[in-house]
Amino acid sequence: MARYLAARIGLGVLTILAVVLFTFLLMFVVPGDPARTIAGPRATPQVLALVRANLHLGQPVLAQLGHYLAGIVQGDFGISYVQKESVSSIIGGRLPATAELGLAGLAVELVLGGALGVWDGLREKRSRWLAVVNVGFLSVPSFSLGFLLLLLFGYELSLFPIDGGTGGDRIVLPALTLGLFGMPYYANVVRDAMQETLAAPYTRTAVAKGLSRRQVLRHHVLRNALSPALTMAGLDFAILLSGVVFVETVFDWPGIGQLQTQAFYNVDRPVLMGTVVVAAVLVVVATLAIDLIRMAIDPRTRLVSQ
Amino acid sequence: MREFLRALERTGSLTERKCLLIIETEGEGDAMGDQGSDDPASLSRRDLIRGAGLGLGALYIAGCGGSSQKLPGTTSTKASSTAGVGVPGPPASGGQQGGSIVVGWEQEGNSFDPAIGYDLISWDSLCNCTTAAPMIFGAEGEGPFPNAAASVDISDGGTLYTMHLRPGVRFQNGRTVTAHDYVYSWGRVLDPKIASWAASYLYPIEGAEAVFNGKAKTVKGLTVADPMTLKIRLRSPDITFINILAQPYLTAVAKEAVTRYGAKFAKHVVSTGPFTLTSYDQQGQTAVFKRNPHYFWKGLPYLDSVMYRWGTSAQTELLQLQHGNVDSIGPGIGPSLVPQVSAQPSLAKYVVKVQLPAVRWIGLNLKREPFTDIRVRQALNWAINREQITRIGYGESVPWGLPFPENLPSFHRVATQYGYDPQKAKALLAAAGAHNLSFQLTTTSDDPNPSIAQILQQQFKAVGVNMSIQTVSDSAYNTSTEKKNFTAAPVHWYQVQPTALDILDSNYTTNASSNYWNYSNSKVDKLAAQALGAPSTAQSNVYLAEAEKLIAADAPGLFLGSLNFIDGRSPALQNFHYNVFYGTYYDRLWKSA
Amino acid sequence: MFGQPDKIYANGISAKGLPLPFGASGHILGTDSIGRDMLTRLAYGGRTTLEVAFIANITSIGVGAIVGVVAGFLRGVTELVLMRITEVFLSVPTVISGLALASVLGQGVFGVIVVVTALYWAWTARVIFGETLALRKRPFVEAAIAQGVPSATIMRRHILPHLLSLLLVISALNGAAVVAIGAGLSYLGAGVQPPTPEWGDMLNSGQAALEYMPHEVVEPLVCVVLTVLAFVLIGDGIARRGSVSLRRSWLDI
């Protein structure tokens, strides 16, 4: 187990490195010039040239990459081209709000999706109504969904504040938006896994042993049915943390997603790379965590000691 | 996979943001019909200033005549007990001290540093909160009038500007401003390490260019005659220089604060404006500006504080405005939401329409087929039904078939507009021997560009021209225009001074920085130079009118419309006025209970 | 039958500059913000949308399923390598990779399909990998391994059929997402370009009108929902016919 962990962590670092390399190079494929967004449309070519020189943009891509990697190793993610702040403090400042929203959103989608999936899975035939609701939530643009919630519960009914920012019950609507958008995935996957599990021989065995319905469900059915949902939840959490821009802008929630998108538009490469590194770390950690948790709850996936 | 979905969806609303072209904030206010009903006094007040503005303008023109005419100082002190209030805008009678307002924005600014800030929100913070330039424009672009300067004398055939500082002007830290502070602050704009976009606007000053090029340490043309007098020597007469003195980047900044905060000065600006930037919370996406007790217009500002909040979608902002969570929508009501105002009469009381000195056109690359042929360019100008385009925008723009903006003060046009005449278009195309013409339009997905592109596509089809549309990201658009690697692209321009030299010198002279069209007409270049060196605004405008006629005939663009600004603000804001160059004056604003 | 999808009707915009609402005479489903007939555009939009959604779904799920099953079944070095590649694809911001790919591939339906595949397969692979791990320990798989059945055969004959219902669920879910992606890509300058009608694009551009002209959002939304529902029902039908999963519960016998 220790060897496995060590290998996974080592490979995780390699993965992050690969992501950094890949993204860094991709950024140079995509057309864009930070000088333009820094100096604006009235800047003369001379000013643009100066801005580029001040940012060392004239250097070859590989030299810039090397410089960047050397910085990362020392924990220095650079300075924002536009905001002139250190990237780690910019991102660090946003992480708590993002984590709060990510966790809340994940909780809503897991609870709603899981409950509906279990309910549907226990039915003889799947519920057509649930299918319609699921597909509806999947298809409605998430921006519109958030805005409708804001319009209804915030503006018309005045149940929740609409002034933006964090704190108090301001989290309810954005978390609900995230949750409703994610719910169908969980409902479907859990329902599917439920049916698979209910039909499995070990369920038959458990029932034959004379266990109560509740015991069978809790110890045999749910445990197995949760496995794919768990994989999704782990990935989702990483994704939620690395940014859910549409919810952030509808609800004026200061998160990483806005940061990343604005950095993308400003061609603010240090900030963009910083958010990419955060996302990569989260994905790597989340996948490792999923694999470990799955091994814990589902003995079939455990490593064979050879 | 959801990440991508989410990211992409966001992309849509994000590209809606309208910040890339400079200073979309400006615009002042003709009410959309409702401001008058809210506030019956506003009309007469506006007439009053307009009158005052013309009078002052006349004096100024005389001043430029080379006779060292002294500009008027606080002419309005007699009109109002509140010193100076009447100079740039209407007198504020019955102002109430106290209160605070919230202004909503979509994006964080590029920088609140006067030398660097250019986008919507940054410009607003500079013009209306933190800085006070030597001169200031009236609400509708009249003037400029003295502001932090008490007066400016022009002599030596328009090459020597003697700026007398207004006594009692202090920095927000309490220190009195002297002429040395202007020498420092303007030198800072020219510092190549700062790389200010505004540096070239100081080039009229003798020796300024050398500083920016690193060939000199100090600006030769700036001399401190005494602590309250700055002498500015120009390379040659320049009719725009007095307008440049009214730009926020020429404000005085406190050297001690720049030294202390370095690159973070943008978040700790210390200048001479009505409000002091007291907090910049990047994490919480807010900035707070508190009343500056040292502000030189005594009794102003009325408000205790102005708060900026950014990172909100335009649709949410509109809800927040109606709900009272924000008092003003900084970027205004964007093109995609404007029709909502038409559809929901209840919104009307929040809306003010302002005619801007701004235009929109389709820039053409004159070195690419089919636009090498002038007849094709003219034909397409005649083929455009501009009414159809502006109709979908609910007053966001008006049909306008000329290169310079529609409303320019004391500008007498000699050019005639392109109208809608498909027969003429077909005849011109036939004369050019053009059959089955096709070309590509490169556009961003910023509203209203995609709609305009699709309408034009149909209109051109009617005259047998096939236009394909290529949507690209904002940065790809910038790159392709800058490298002149495009055939046709939508452009807009917001002027920051009342003379058409602003758009002409940036877009249509041979070496203009935004001349992406490969346009070159030596007659236009000559007229531009003459207009710049003209002894009076009237004379300058004669040259400019001639230049416009030439440009219109050459048709380096397909001229579409003159732009308006649709502002959203709470009806509780009293004495609300929107300046066509600066945005909302916060200093004379108050909020009724 | 439906007329020209790009045609802008002179009377397609009201005097106030607004689109015509649902039920307007001559334009039964109303018009869009520049005065084109919604019914015509929806009808033509279905063609593009379905083409992209169908092909991109198959390719992304195909690649994802193969990678997931191979990694989950063979494990060892293969798993480590394949799943780390998957993680890389999951971590790179999709806006950037989408744009980069688009700038190489150019615009149009083909570009969208490639981009969607490149961006989606990793997610599928990750979910399928987890399931394969569990299946690998099932007695019938272990028996097959013990008998010396070649790995490829086991994956094909014993693992994939058991994943069928999950794959169908994923593909139905992807159906809705793929529609939205087409729209997102055209914002980035890839994808299908205007004026070609496309449901996702119509959905996106109608969002600003949500409060005052909801038909611009609701109509394409209904089209997408109905189409995806059809996908779901087809998936259900196939799964029920499948011989492998006996859709019966032992709990309630």
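Residues are numbered from 1 along each chain as its sequence is written, and chains are lettered from A, and ligands numbered from 1, in the order in which they are written. As the model is predicted, local features need pLDDT of at least 70 and side-chain atom pairs count only at pLDDT 80 or more, while totals for chains, interfaces and linings use all residues.

The model has an ipTM of 0.86 and a pTM of 0.87. Confidence in each residue is given by the predictor as pLDDT, on a scale from 0 to 100. For chain C the average pLDDT is 82, with 87% of the residues scoring at least 70. Helices (H or I, at least four residues) and strands (E, at least two) are DSSP runs, numbered from the N terminus. Residues 243-247 of chain C have a pLDDT below 50, and this stretch makes 11 contacts in the model beyond near neighbours in sequence. Contact here is a matter of C-beta atoms, placed from the backbone, lying within 7 Å of each other. Where pLDDT is low, the predicted coordinates should not be read in detail.

Chain A contains 13 helices and zero strands. Its C-alpha trace spans about 80 × 60 × 30 Å along the principal axes. Among the contacts in chain A with a separation of 6 or more, 73% join residues 24 or more positions apart.

Chain A touches both of the other chains discussed here. Its contact with chain C involves 54 residues of chain A and 45 residues of chain C. Several helices of chain A give two or more residues to this side, including helix 6 (128-139), helix 8 (172-198), helix 10 (213-242) and helix 13 (269-297). The largest share, 10 residues, comes from helix 1 of chain A. By class, the side of chain A that touches chain C has 34 nonpolar, 13 polar and seven charged residues. In this scheme Ala, Val, Leu, Ile, Met, Phe, Trp, Tyr, Cys and Pro count as nonpolar, Asp, Glu, Lys and Arg as charged, and the others, Gly among them, as polar.

The contact between chains A and B takes 48 residues from chain A and 47 residues from chain B. On the chain B side, helix 1 (2-15), helix 9 (314-323) and helix 15 (474-482) each supply at least two residues. Helix 1 of chain B gives the largest share, eight residues. This side of chain B divides into 14 nonpolar, 22 polar and 11 charged residues.

Strand 4 (residues 149-155) and strand 5 (residues 160-165) of chain B are antiparallel, with six bridges, and Ser155(B) stands opposite Leu160(B). These two strands form a hairpin with four residues between them, and Asp156(B) in the turn has a positive phi of about 55 degrees. Strand 8 (residues 275-281) and strand 9 (residues 286-291) of chain B likewise run antiparallel, joined by six bridges, with Val288(B) as the bridge partner of Ser279(B). Their hairpin has four residues between the strands, and Gln285(B) takes a positive phi near 60 degrees. Strand 9 is in turn joined by five bridges to the antiparallel strand 10 (residues 305-309) of chain B, where Arg309(B) stands opposite Thr286(B).

Ala132(B) lies in the loop between helix 4 (120-130) and strand 2 (135-136) of chain B. Ala132(B) counts as buried because it has 26 C-beta neighbours inside 10 Å. Leaving aside neighbours within four places in sequence, Ala132(B) is in contact with Asn147(B), Ala148(B), Thr251(B), Thr272(B) and Gly273(B).

Finally, helix 18 (residues 537-554) of chain B has buried residues that include Tyr543(B), Leu544(B), Ala547(B) and Ile551(B). Ala555(B), which follows helix 18 of chain B, has a positive phi near 50 degrees.

Note on methods
Contact = placed C-beta atoms within 7 Å. Pairing = 2+ DSSP bridges. Buried ≥ 20, exposed ≤ 12 C-beta atoms within 10 Å, placed from the backbone.
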